[in-house]
Amino acid sequence: MAATAISTSGETDTSSGLLDTDAAMRPFLDILKDGSSSNMNISTVRSLALKSLAHPHIFSGFDEFKSHCLQFLSPATGSHASNSLFHTLDLFSFGSLKDYKEAEQADEKFLPLNEACLTKLSQLTVLTCIQQACHKGEIRISYDYLAEALGLASVAMEDGSPAAATAIRDVEDRKSTRL
């Protein structure tokens, strides 16, 4: 549950913890900071990244994670493992499920994602759609808009596609449990 803060004016502020994932991400970042270069390698970084991607309480901070381990993820290393991890962290920072599906079909650049990571990416995609709609002043989001971002046919959304329904339900559940 989100921490509820009471301001000096007596108003309750529940928004501060809604998607505040800093506490959950902090241990992963601390390991990256504290790990000496002799103890840390691309395999360790990859393992930490996959754990953070699948963590149920982490929804942001993937770009910060990437910045803490750039010496292992530099495209100059030319390693497929470092390149795919670099692109996967970018995907979770700035991409969508559609981006992953398109690259997956072309057999491109991302790490293979397990079910927990795909669910997280679906949730992040829906949250991005909501955020973009709010910035535009919209109060509704069309099925077509969500379907495109999730890489689904809009008919599948209207017919109750399990992936779409799960992503939307998970976002709604997470929001209601944190308020």
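Author: From the N terminus, the elements of the chain run β-β-α-α-α-α-α-α-α-α-α-α, that is, two strands and 10 helices. Helices (H or I, at least four residues) and strands (E, at least two) are DSSP runs, numbered from the N terminus. This is a predicted model, in which local features need pLDDT of at least 70, side-chain atom pairs count only at pLDDT 80 or more, and totals for chains, interfaces and linings use all residues. Residues are numbered from 1 along each chain as its sequence is written, and side-chain values use heavy atoms, with hydrogens and water left out.

Reader: How is a pair of aromatic rings described?

Author: By the distance of the centres and the angle of the planes. Rings of Phe, Tyr and Trp (its six-membered ring) pair if their centres lie within 6.5 Å; planes under 30 degrees apart count as stacked, over 60 as edge-to-face and the rest as tilted. The structure holds two such pairs. Phe62 and Phe92 have ring centres 5.6 Å apart and planes at 65 degrees, so this pair is edge-to-face. It links distant parts of the chain, with Phe62 in helix 3 and Phe92 in helix 5, 30 residues apart.

Reader: Are Phe62 and Phe92 buried or exposed?

Author: Both Phe62 and Phe92 are buried, where buried means under 20% relative accessible area, exposed over 50%, and partly exposed in between (1.4 Å probe, protein chains only).

Reader: Which type is the pair of Tyr100 and Phe110?

Author: The planes of Tyr100 and Phe110 are at 40 degrees and the centres 6.0 Å apart, so the pair is tilted.
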